[in-house]
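Here is a friendly briefing to read with the model open in your viewer. Take the topics in any order you like.

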Amino acid sequence: MIDFSIPEDTRLLVDTVRRFVETEVQPLEDEVERTATVPADVLAVTKAKAQKLGLYAMNMPADVGGGGLSCIEHCLVEEEFGKTSDALIRRVFGQVYPMLMACKGDQVARYLLPTVKGDKICAMAITEPGAGSDAASISTTAHLDGDAWVLNGTKHFISDGDIADYVILMALTDKDKRARGGITLFLVDRGTAGFKVARTQPMMGHRGYGHAELSFEDCRIPKHAVLGEVGGGFKLIMQSVLQIRLAHIGARAVGMAQRALEMMRKHAGERRQFGQPIGDFQMVQKLIADSAIEIFGVKMMVMNAAWDIDQGRDARDKVSMIKVAASEMQGRVVDRAIQVFGGMGFSKDLPLERMYRDARVTRIYDGTSEIHRMLVARSTIKNGLQL
């Protein structure tokens with residue numbers, strides 16, 4: 001039997017995160033949306049408060065300074081993060097990639113620990129103009145020249161690529177093997193000769209942080225700059241991305257949708273038309289009911305997959321299902337909220353129009369809905385539905 005009971009200390013942690021997001025983070029959203037930046041002075045204070053409460057890099061193990069959370073605990077926390085903007089989540093609570101646990105030797109002190117502490121910002125450089133959902137089709141290359149690796153290629157849509165102190169770069173070290181031992185991860189410092197931020201790409205949503213094009217032209221890095229093992233990059237990415245996908249898309253989608261539903265619920269009781277609250281109208285009730293049903297369903301999917309991961313089980317198929325269900329659910333729920341609010345929902349006076357734009361990309365990044373449907377179909381045809 002799956003036990004979804006939440007220990008008291010976990011409940012206290014989630015409550016702390018919820019209050020912090022509501023009182024310290026959400027009030028910053030309007031300025032971030034208006035200026036497309038997170039004010040440095042305000043950020044320094046808010047981030048310091050989060051760190052003091054132990055709310056920074058909570059996804060990382062405790063022995064390197066992280067929160068040491070189980071997958072279920074991590075998802076419950078990320079659900080609360082989902083109730084604010086992605087830019088503020090990154091800046092206040094940290095975007096620390098779990099593949100950094102593969103750091104070894106002086107990499108630990110140079111990259112892993114300062115990133116967990118919040119002293120350094122890391123960007124993940126995978127996506128290329130010709131390689132999106134099919135990450136193994138990258139064309140960026142790395143070859144050994146004496147005691148140095150030489151990098152050549154272009155990345156784009158790299159979140160935080162414009163400000164990162166270093167990037168985790170995925171490159172081909174064997175064009176014939178590719179995903180089967182021909183892809184390697186490298187730690188590349190900002191300012192390295194041949195490494196340039198070409199431009200920051202303007203986006204429909206997710207304002208407040210950059211999405212950069214990065215170019216590498218005969219960029220030489222030390223032989224020891226490999227993260228993990230030579231040829232082991234694709235496997236390391238796949239091992240790390242499962243919980244990231246579940247938490248950052250699945251759990252955050254639940255959080256965003258919950259915020260939209262709560263706004264709907266309050267408005268339906270307060271807004272009056274034709275002499276009665278609009279919540280008395282069956283069509284409005286349907287919008288609210290459908291949203292509640294879908295949120296509950298996706299949250300149970302997230303908790304089920306998180307439980308499997310905590311038990312050491314293979315949850316790849318479930319996480320692909322959740323990637324589709326969660327990303328599409330949050331778009332529908334926010335759309336319904338805008339409909340309930342009418343013209344005010346379409347205005348910038350409410351956060352719904354930002355949430356609407358921000359939600360749209362989750363059906364695209366980290367594998368499109370179409371790709372994940374294909375993966376689910378292939379697995380189901382081969383093995384049946386594994387629950």
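Which residues does serine 159 touch, leaving aside those up to four places away in sequence? They are Arg90, Ala123, Tyr209, Gly210 and His211. Please keep in mind that this is a predicted model.

**Serine 159 and strand 3**
- Serine 159 belongs to strand 3, which covers residues 148–159.
- Its relative accessible area is 17%, and buried means under 20%, so serine 159 counts as buried.
- Strand 3 is joined to strand 7 (residues 211–222) by nine bridges, and the two strands run antiparallel.
- Within strand 7, leucine 214 is the residue that stands opposite lysine 155.

**Strand 6 beside strand 7**
- Strand 7 is also joined to strand 6 (residues 195–200), through five bridges.
- Strand 6 and strand 7 run antiparallel.
- Here lysine 196 has serine 215 of strand 7 opposite.

- Ala123, one of the residues touched by serine 159, points from strand 1 to one side together with Ala125.
- Cys122 and Met124 point the other way, and all four of these residues are buried.
- Strand 1 and strand 4 run parallel and are joined by four bridges.
- Opposite alanine 123 you will find valine 167 of strand 4.

**Helix 6 against the strands**
- Helix 6 spans residues 107–117, and its buried residues are Gln107, Tyr111, Leu112, Pro114, Thr115 and Val116.
- These buried residues pack against strand 1 (122–125), strand 4 (166–172), strand 5 (183–189) and strand 8 (226–227).
- If you are checking backbone torsions, look just after helix 6, where glycine 118 has a positive phi of about 95°.

**Helix 1 with helix 4**
- The axes of helix 1 (residues 8–25) and helix 4 (residues 71–81) come within 9 Å, crossing at roughly 20°.
- Helix 1 brings Thr10, Leu13, Val14, Val17, Arg18 and Val21 to the contact, while helix 4 brings Glu73, Leu76, Val77, Glu80 and Phe81.
- Sorted by class, the residues of this contact of helix 1 with helix 4 are seven nonpolar, one polar and three charged.

**Helix 7 with helix 9**
- Helix 7 (residues 233–270) packs with helix 9 (residues 316–341) at an angle of about 20°, and the axes are 8 Å apart.
- Helix 7 and helix 9 are therefore roughly parallel to each other.
- The crossing of helix 7 with helix 9 is left-handed.
- In this contact of helix 7 with helix 9, 19 residues are nonpolar, four are polar and four are charged.

**Glutamate 262**
- Glutamate 262 and glutamate 78 are 184 residues apart along the chain, and their C-alpha atoms are separated by 18 Å.

How values were computed
Residues are numbered from 1 along each chain as its sequence is written. This is a predicted model: local features need pLDDT of at least 70, side-chain atom pairs count only at pLDDT 80 or more; totals for chains, interfaces and linings use all residues. Side-chain values use heavy atoms; hydrogens and water are left out. Buried means under 20% relative accessible area, exposed over 50%, partly exposed in between (1.4 Å probe, protein chains only). Contact means heavy atoms within 4.5 Å. Axes are lines fitted to C-alpha atoms, for helices over the stretch in contact, and angles run from 0 to 180 degrees between N-to-C directions. Ala, Val, Leu, Ile, Met, Phe, Trp, Tyr, Cys and Pro count as nonpolar, Asp, Glu, Lys and Arg as charged, and the others, Gly among them, as polar. Two strands pair if DSSP finds at least two bridges between them. Angles under 35 degrees count as roughly parallel, over 145 as roughly antiparallel, 65 to 115 as roughly perpendicular and the rest as oblique. A crossing is left-handed if the near helix is turned anticlockwise from the far one by less than a right angle, and right-handed if clockwise.
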